[in-house]
Protein chains: 4
Amino acid sequence: MWLRAGCEIQFDESEPAPFILMLRPRSGRRQWVARESYTLIPSVPVEEYTDPYGNLCQRLISPPGKFVIRTSADVLADDTIDVAPGAPFVEVQNLPNEVLTYLLPSRYCESDQFIQMGREIVGDAIPGYDQVARIEQWIRDQFIYNEAAPHFQLSAADFNQMSEGVCRDFAHLGIALCRGLCIPARMVVGYLHKLEPMDFHAWFEAYVGGRWYTFDPTQSEPRGGRVTVAYGRDAADVAIFSQFGPALYPTRMSVQVEQLPGPPE
Amino acid sequence: MWLRAGCEIQFDESEPAPFILMLRPRSGRRQWVARESYTLIPSVPVEEYTDPYGNLCQRLISPPGKFVIRTSADVLADDTIDVAPGAPFVEVQNLPNEVLTYLLPSRYCESDQFIQMGREIVGDAIPGYDQVARIEQWIRDQFIYNEAAPHFQLSAADFNQMSEGVCRDFAHLGIALCRGLCIPARMVVGYLHKLEPMDFHAWFEAYVGGRWYTFDPTQSEPRGGRVTVAYGRDAADVAIFSQFGPALYPTRMSVQVEQLPGPPE
Amino acid sequence: MWLRAGCEIQFDESEPAPFILMLRPRSGRRQWVARESYTLIPSVPVEEYTDPYGNLCQRLISPPGKFVIRTSADVLADDTIDVAPGAPFVEVQNLPNEVLTYLLPSRYCESDQFIQMGREIVGDAIPGYDQVARIEQWIRDQFIYNEAAPHFQLSAADFNQMSEGVCRDFAHLGIALCRGLCIPARMVVGYLHKLEPMDFHAWFEAYVGGRWYTFDPTQSEPRGGRVTVAYGRDAADVAIFSQFGPALYPTRMSVQVEQLPGPPE
Amino acid sequence: MWLRAGCEIQFDESEPAPFILMLRPRSGRRQWVARESYTLIPSVPVEEYTDPYGNLCQRLISPPGKFVIRTSADVLADDTIDVAPGAPFVEVQNLPNEVLTYLLPSRYCESDQFIQMGREIVGDAIPGYDQVARIEQWIRDQFIYNEAAPHFQLSAADFNQMSEGVCRDFAHLGIALCRGLCIPARMVVGYLHKLEPMDFHAWFEAYVGGRWYTFDPTQSEPRGGRVTVAYGRDAADVAIFSQFGPALYPTRMSVQVEQLPGPPE
């Protein structure tokens, strides 16, 4: 499926401020970016680097006054996501080295506090994919997905006390529960075609059966049409924009994802 | 200063268990390992890899029954640590890319919650080294350093409610306060010559004036004689040993650091 | 200077063939890609990865029949290149670790054979930038730059027997001579605004005075307007396209670089 | 098999000279270093870093006068090397990204010049392991292995004109022939138990059947007891010591490898 995904973010500050943005999807094994644009109005100097997770980060100093960031990418994305009931748990000693970091607790995923709870949720599910599927379903059943929920920076433990939350809360809880069962799990931020209401989105991936699988407890069924922008341990690693100093809020922000009839010419 | 630093850790479990250990100091820019041994009794297969922070990690499956891990390294370490009053704050836009990850909040350092508190502590100190020195002194003044304190896995926010703590608590709080001021800070675990009582130790480094400086709020004055074993964002990244599954506790553990008269022959 | 740089390459083979392409300029410290497209006609699956030098590589299997690869990028490039007479030689012991690999001989730059010759060319020039400038000028004086020269895969030693050559030959010789003097040097491929005749271009960078400087012996004076596509030790690392098996030749190939009036909207 | 492998190298120069050494075997997937020492007499400052191939490199400035480097490591090495007749050729499009660099020609392995010759040597062998085995045998048959052969820095093409050579020549030719057939191949330097006469040794690995296999055309049959010190594209990447400036020669050099009865205590 060819998707055109992008955003427009507008700031209006009186003082220049340093920013790190993660708004550039990159081509990789499962997605191909055929066309892309990244516009800054006014144009300011930008420097791009790759973070430890392989994400492309853009560093810049926002100018005072109205500042618009506009991105658009034409991406070949999978139509559907792979679903693999029965895919087995991989014992820690057999995990690839580079996956091990996704077993550790992180800022918003206190997996060390979710061991017992995870076991209860998965019950007698076959270790591996089926356990993650139960966790995903349990989150769906227990929490109301509401992008209008007040979204402070909740951790999985904080969110577990609530009854409704945003996509990142759902992902954090899923990740914390997986890691508590020794299943590597990582956060993904990006775009989802036909997301309602349209916005940036967050979901998670779990490593079972020798590869990463996509899980999204905010959606009632497995859905493709995803454009990945960044991977990380949790939201601390994959902020769409990080500022330093007093928090700045966009004065406007919009996200678009539309399907293209075919590859861009 | 030439130091011989090492440990002996003993487990006695009925079941084999996967482990990841970080017990091998590596040579680098500021320390040179001239002799080293890493013994496993009984001998079991080990695989070593480098984690994203550059630390050497040893993967193995512990055998059932008594299992001893014994390490020893002869290391050329700095006699003193550099102290640099006045070393300036580096603005975010001028930080090297690889340092930026140490500005983000992490599992045990919820720096996003310490912004206001950090500002109050540093007061009118010159931005940079002097701010970190004030933070370090404030921690010394406010908390009792007691390695016998019950050490659950406290985060900086948890510890901030307590009156006494262990070295990792002191380091976490220092890190969280620095990051809240946009000063990159990272955790170090290793050995400290003449530590009382002798044990593994944790301290932190802050990036000011264009390089990393060592801070250790558990000690009343700047001290050298440090052997670094691992760097990370916080204790989640630099566990001396990580197990997966039910927590295992060493049946014995001892740490030794002694000064050598000169380089090993 | 905003440049629009791109190419169109056409193959027409009866058999599918695996390819690795390096045709995607990436944003970095000195160039910013604001818009980009990479079209394959017909559309085939592509996988992108980063090579050890940080270059973006595209892997694909070319389809049988006519196959067109078309790229275009809008890039903010430096108007001029920095020129730094007097910038000093950096002694080997003071070079950054990551630069050391560019001191070693490589496939097309047998620097171990150019030590004596390099010394004679630089004569009494101040060690550092001035030595590289003399090497650059010497190559200009000795060889005729002729893109129509038969360009087999000549090494620096091969080319040194000739009287005329293409851009990659000029770069290889410059690199070999620099390395022979213990000056790190690397090959760059990319686009040069107003190159005559327009084509892909190759030049080199030398590390003196604590940073990389651009040198291009094919041009009579320092010129900006460069878009970097890839860095490497020599042409073996930075082939615009690598095939495996019998050599395939494009049936058509064209390169365009034009200046834009300002940033793309 | 537990081996104690090490060397002693002595220089005696009137001027200080910068050096890069690769003398420290590292633990990894297939070898475990249980004890190690690296002595410099007199003791001078050293800095260690990891090169792009993952090898540990030691940087130092040799002092004027007698300078001795002495290393020793107790390593658990495989008793035998895996032999896998029939292991299939991996098509380029299926090779892991990180292996692709070992298909390219390099300083001493002009694989682009060996395509036709490689095909003739392997004849009708099954593509993959069996082809490499034929190459290995062909080198054994054609060339006399003589460590006393004058060993200038020959490339594979140079060596192909000779009748006898040293281990690095044999490895270079094997690598060049493999790459010419699109089989990734890399150079290994290290120690070989019972090598006659004892010295540092070089061999090569080829990637077939989804992993690296060891080949050593200098030996009449497959032999284990190998301690790897460094991997690279060819000898340019894996010099035991690199100097910069006029070549320095050790005044003495000796290598020892002995089998230990068991793991070091």
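Modeller: Buried means under 20% relative accessible area, exposed means over 50%, and partly exposed covers what lies in between, with a 1.4 Å probe and the protein chains only. This is a predicted model, in which local features need pLDDT of at least 70, side-chain atom pairs count only at pLDDT 80 or more, and totals for chains, interfaces and linings use all residues. Residues are numbered from 1 along each chain as its sequence is written, chains are lettered from A and ligands numbered from 1 in the order in which they are written, and side-chain values use heavy atoms, with hydrogens and water left out.

Colleague: What is the mean pLDDT of chain A?

Modeller: The predictor's confidence in each residue is expressed as pLDDT, from 0 to 100. For the complex, the predictor gives an ipTM of 0.91 and a pTM of 0.92. In chain A, 99% of the residues reach 70 or more, and the mean pLDDT is 94.

Colleague: How many residues of strand β2 (residues 17-21) of chain B are buried?

Modeller: Strands (E, at least two residues) and helices (H or I, at least four) are DSSP runs, numbered from the N terminus. Both faces of β2(B) are covered, with B:Ala17, B:Phe19 and B:Leu21 buried on one side and B:Pro18 and B:Ile20 buried on the other. The strand is therefore largely enclosed by the rest of the structure, the buried count being 5 of the 5.

Colleague: In β13(B), which residue does B:Leu21 stand opposite?

Modeller: Two strands pair if DSSP finds at least two bridges between them. β2(B) pairs in the antiparallel sense over 5 bridges with strand β5 (residues 56-62) of chain B, where the bridge partner of B:Ile20 is B:Arg59. Strand β13 (residues 241-243) of chain B also runs antiparallel to β2(B), joined to it by 3 bridges. There, the residue opposite B:Leu21 is B:Phe241.

Colleague: Which strands stand at the edges, each with a single partner strand?

Modeller: The open sheet has 8 strands with antiparallel pairing, in the order β14(A)-β1(A)-β6(A)-β3(A)-β3(C)-β6(C)-β1(C)-β14(C). One side of each edge strand is left without a neighbour in the sheet, because each has a single partner strand; these are β14 (252-259) of chain A and β14 (252-259) of chain C.

Colleague: At roughly what angle do the axes of helix α1 and helix α2 of chain A cross?

Modeller: Axes are lines fitted to C-alpha atoms, for helices over the stretch in contact, and angles run from 0 to 180 degrees between N-to-C directions. The axes of α1 (residues 115-122) and α2 (residues 129-142) of chain A come within 9 Å and cross at roughly 95°. That makes α1(A) roughly perpendicular to α2(A), a class that takes angles of 65 to 115 degrees, while under 35 counts as roughly parallel, over 145 as roughly antiparallel and the rest as oblique. The contact (heavy atoms within 4.5 Å) is made by A:Met117, A:Ile121 and A:Val122 of α1(A) and A:Gln131, A:Arg134, A:Ile135 and A:Trp138 of α2(A), and the crossing angle is roughly 95°.

Colleague: Is D:Glu196 buried or exposed?

Modeller: The place of D:Glu196 is in the loop between β9 (185-192) and β10 (201-208) of chain D. Its C-alpha atom is separated by 16 Å from that of D:Glu164, 32 residues apart along the chain. With a relative accessible area of 65%, D:Glu196 is exposed.
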